[in-house]
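Welcome! Please take a moment to look over the sequence and the structure below before reading on.

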Amino acid sequence: MEISASSTNNRGVSWTSRLGWQALLFGATVVLAVPILVILSNLAQPYSPSWQHLFDTVLQDYVLNSLALMIGVGIGTLILGVGAAWVTAMCDFPGRKFLSWAFLLPLSMPAYIIAYTYTGILDFSGPLQTSLRNIFGWQFGDYYFPEIRSLGGAICMLSLVLYPYVYMLVRVAFLEQSTAVLEASRTLGRKPLATFFMVALPLARPAIVAGVSLALMETLADYGTVAYFGVSAFTTGIFRTWYGLGELTTAAQLCAFLMIFVLTLMVAERWSRQRLRFHKNSAQKKLVRIKLRGWRASLATVLSLTVVLCGFAIPAFQLLVWSLNHWQQSIDNGFLTLLFNSFSLAAMASICCLVLAVFFAYARRISSSGLQIGAINIAGLGYAVPGTVIAVGIIIPAAWLDNHIDAFSRAWFDYPTGLILSGTLGALVFAYLVRFLSVALNTVDAGLNSIKSNIDESARSLGASGSVIVRRVHLPILKTSLLTALLLVFVEVLKELPTTLILRPFNFNTLAVRTYELASDERLMDAALPALSIVIIGLLPIMIITKSILNERSNHA
Amino acid sequence: MHRQLIINDVSVKYENTTAIANANFVLDQGEIGCLLGPSGCGKTTLLRAIAGFEPVSSGYISLDGKNLSTTKFTDPPESRAVGMVFQDFALFPHLNVEGNIGFGLNALSKQDKRHRIEEMLELVSLQAEGHRFPHELSGGQQQRVALARALAPNPQILLLDEPFSNLDAELRTQLAAEVRTLLKKNKVTALLVTHDQDEAFAMADKIALLNNGKIAQVDSPYKLYHKPASLFAADFIGKGAILNVGIDAAGILGNDLGSLSLSSLPEDMGNTVKLLVRPDDVAYDEGSDTKLEIISKSFLGPNYLYELALNDGQLVPCLTHSHIDIPIGEKLPVRFDLRHVVIFNGD
């Protein structure tokens with residue numbers, strides 16, 4: 001690690017090792033970009049006649065439903081996220097401290113799990129409708145009850161679990177706002193509510209845009225919820241085109257359009273954020289929260305609790321009840337295998353991600369060339385690309401390679417090699433690497449950026465060599481970031497559904513896949529235990545996030 | 001003269017600490033006041049109470065004859081005719097200069113608003129910068145925008161919270177004088193908060209010196225410097241040393257400091273006094289028999305500021321021309337010129 005320890009300028013790095021470093025960097029970037037490039041290259045493939053069929057029948061549905069989902073979830077997460085952020089950052093009411101933490105809990109609920117849980121709760125035979133019938137003596141058909149398995153239902157489910165993205169970013173933005181600016185607005189004659197809409201909200205706009213964009217990317221990547229609810233969205237369309245029509249190229253072309261759309265969204269977000277970047281006011285005064293009293297305080301507490309109850313407590317409780325009722329049937333060798341599969345897969349993927357992330361982060365630290373930075377940024381794109389798209393982008397080249405290797409081997413050694421890459425754990429881990437590298441990279445990068453180059457220089461001036469600096473200075477400082485990165489990827493992999501569904505080896509099941517399969521077979525109670533396992537593990541990163549994001553006492557309060 | 005601001009017996013409490021205790025202060029129409037004091041003395045708290053951000057726990061605050069804060073109620077900031085310039089200016093970063101100045105002019109018609117904004121831009125000489133955003137302006141320009149924004153709605157009083165502390169030292173004194181001229185010309189009643197006495201002297205007609213949540217003295221800048229009413233005031237304002245000196249019935253001081261005329265002494269004088277000795281009270285005199293050891297000295301350009309030890313070890317400052325350059329450890333011949341000296345009772 002001689003090179004990696006050098007400071008941001010290139011001093012102390014010989015040109016040969018720098019060349020090797022660069023070659024490695026570009027090599028890794030190209031390999032990581034393969035799925036995306038493959039998908040894009042399919043745009044140049046001939047368009048099969050089934051395109052005409054898609055145009056005439058379902059394509060419009062896919063597009064319109066996905067757009068409707070985006071608009072609905074956009075509005076939903078905006079209202080829930082900004083509202084939660086405002087009330088916990090700027091107001092004081094009973095339960096505020098608990099709620100500022102509890103608002104993050106829905107992050108641990110994958111959308112497909114909350115979707116099937118609510119289906120169980122709200123179904124005709126579910127607890128809610130049954131007790132309504134018992135109380136009022138209604139019969140089937142006597143009353144109207146909204147259908148959860150619908151576009152509107154999907155919007156509600158996704159909004160309930162995705163609003164924390166908006167909440168986290170906007171809350172920080174509110175807390176960082178100079179209180180003097182808000183007070184200035186008051187002395188200029190604006191009431192608190194007007195101050196919120198005219199000053200606080202416009203200033204938080206960059207954070208709002210960033211949070212909602214994240215939620216929208218997750219919405220576009222979602223497969224489990226829309227598939228379970230039978231909503232024809234773009235991701236379900238890709239699955240149907242491929243598995244139903246058997247048209248891999250057409251599916252890949254659909255993937256390409258989806259990806260271009262997502263990337264456009266991302267570029268637009270970055271652009272708008274850059275344009276909106278406000279220069280922060282320097283002075284930070286003690287934040288004075290508006291004390292809510294009487295009915296306002298009660299309303300704040302009740303509304304906040306409702307959000308947390310709907311987004312986390314109720315479904316988690318239902319899962320717990322189902323698991324407890326069914327644990328004898330659920331906990332068997334099969335479940336232990338599921339746990340082992342999921343954990344080992346997540347561990348493999350998160351370690352690979354971490355190693356690569358450290359490599360990229362150090363590469364960014366030493367390099368100043370725009371080309372290299374560009375390469376690193378491309379490697380970090382994966383998170384925006386839906387898992388379905390990445391999976392298709394891997395399966396195509398893997399199959400192509402397998403065919404050629406097999407043909408080559410048959411021709412020369414008269415020995416069929418069969419499938420070497422397709423349907424292996426290697427392909428699956430690679431897919432996770434492409435998709436979740438940026439999660440690890442952002443975390444490691446943030447840690448590494450906190451070590452300013454003058455720290456390296458002062459260590460060097462005290463006689464420490466590169467490897468000594470890495471071991472005695474960087475590692476102790478980075479330890480938390482590295483563990484956080486590991487954990488974040490671990491949980492993401494555990495939750496990820498579509499990628500695993502497409503790329504897993506034959507008969508290889510994970511918690512997420514099994515949950516989805518059982519739920520699709522209407523075996524909701526059997527699905528509860530694997531689902532609950534995912535949710536519980538998903539709580540771990542929230543503990544970490546809570547520490548770093550809600551650490552308001554030292555800075556703000 | 002019309003009493004514009006009345007602070008009567010005002011206390012402000014945070015949970016269990018008292019930030020301001022029984023403060024009294026009045027400002028006449030068009031007067032510029034100043035709350036001066038070390039950090040943590042409660043001056044900003046008092047300003048925020050006037051603005052309506054802090055409730056009072058005793059007394060009342062009234063503006064133009066109307067009670068704004070009493071122990072019973074606190075008018076919210078938005079319904080007081082109070083303009084405020086914040087320490088970091090607190091300009092709205094998402095609005096340009098015109099948007100900032102027009103922010104408080106909601107009650108006006110579009111045309112009147114436009115007119116008023118132009119008037120204010122002219123007042124602070126920023127006609128060319130109306131479409132610029134705060135981060136595109138220099139510190140001095142930002143300060144002027146903050147001033148124009150606060151003055152635009154025609155407040156009954158302008159509050160300035162450390163308005164020059166974000167600017168570099170050179171700009172500070174220049175701007176303080178400019179702002180004073182502008183406020184005087186427009187007959188604005190204003191109250192400034194600062195810890196910097198030069199700023200206070202440059203701006204204010206009347207200074208309230210605060211210490212530990214209490215108003216120690218209210219006076220004109222001149223009187224505050226030359227007639228400090230307390231040891232704290234003597235110590236905080238200007239440079240100088242406070243000496244404990246013995247005195248006999250004839251007015252002869254110990255430590256070879258000479259004598260004081262008995263008429264200048266308080267009636268109930270004990271046998272020691274505390275003397276405030278300013279650097280210009282101790283003059284270099286080549287022929288003097290009083291020679292004091294030099295403990296330290298600092299070069300100020302035109303002057304040297306020496307620190308000298310009296311016989312009993314107490315230190316006195318002495319200002320000399322800078323070409324009187326005598327090394328530390330040697331003796332400096334001086335003459336005490338204690339005609340304007342301020343005397344406090346010993347102990």
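## Chain A as a whole

Please keep in mind that this is a predicted model. Chain A has 24 helices and 2 strands, and its C-alpha trace spans about 75 × 65 × 50 Å along the principal axes.

How does its radius of gyration fit with a compact globule? For 557 residues, such a globule would have a value near 24 Å, and chain A agrees because its own value is 25 Å. Of the 557 residues in chain A, 45% are buried. Among contacts in chain A with a separation of 6 or more, 83% are between residues 24 or more positions apart.

## Strand β9 and its neighbours in chain B

Strand β3 (residues 32–36) of chain B runs parallel to β9(B), with 4 bridges joining them. Strand β10 (residues 214–219) of chain B pairs with β9(B) in the antiparallel sense, over 5 bridges.

In β9(B), A208(B) stands opposite L35(B), and its bridge partner in β10(B) is V218(B). The hairpin of β9(B) and β10(B) has 2 residues between the strands, and N212(B) takes a positive phi near 50° there.

## Where the chains meet

The contact between the chains takes 20 residues from chain A and 19 residues from chain B. On the chain B side, strand β6 (residues 82–85) gives the most, with 3 residues. By class, that side of chain B has 11 nonpolar, 6 polar and 2 charged residues.

Notes:
Residues are numbered from 1 along each chain as its sequence is written. Chains are lettered from A and ligands numbered from 1 in the order in which they are written. This is a predicted model: local features need pLDDT of at least 70, side-chain atom pairs count only at pLDDT 80 or more; totals for chains, interfaces and linings use all residues. Two residues are in contact if their C-beta atoms, placed from the backbone, lie within 7 Å. Ala, Val, Leu, Ile, Met, Phe, Trp, Tyr, Cys and Pro count as nonpolar, Asp, Glu, Lys and Arg as charged, and the others, Gly among them, as polar. The radius of gyration is taken over C-alpha atoms; the globule rule is 2.2 Å times the number of residues to the power 0.38. A residue is buried if 20 or more other C-beta atoms lie within 10 Å of its own, exposed if 12 or fewer, and partly exposed in between; C-beta atoms are placed from the backbone. Two strands pair if DSSP finds at least two bridges between them.
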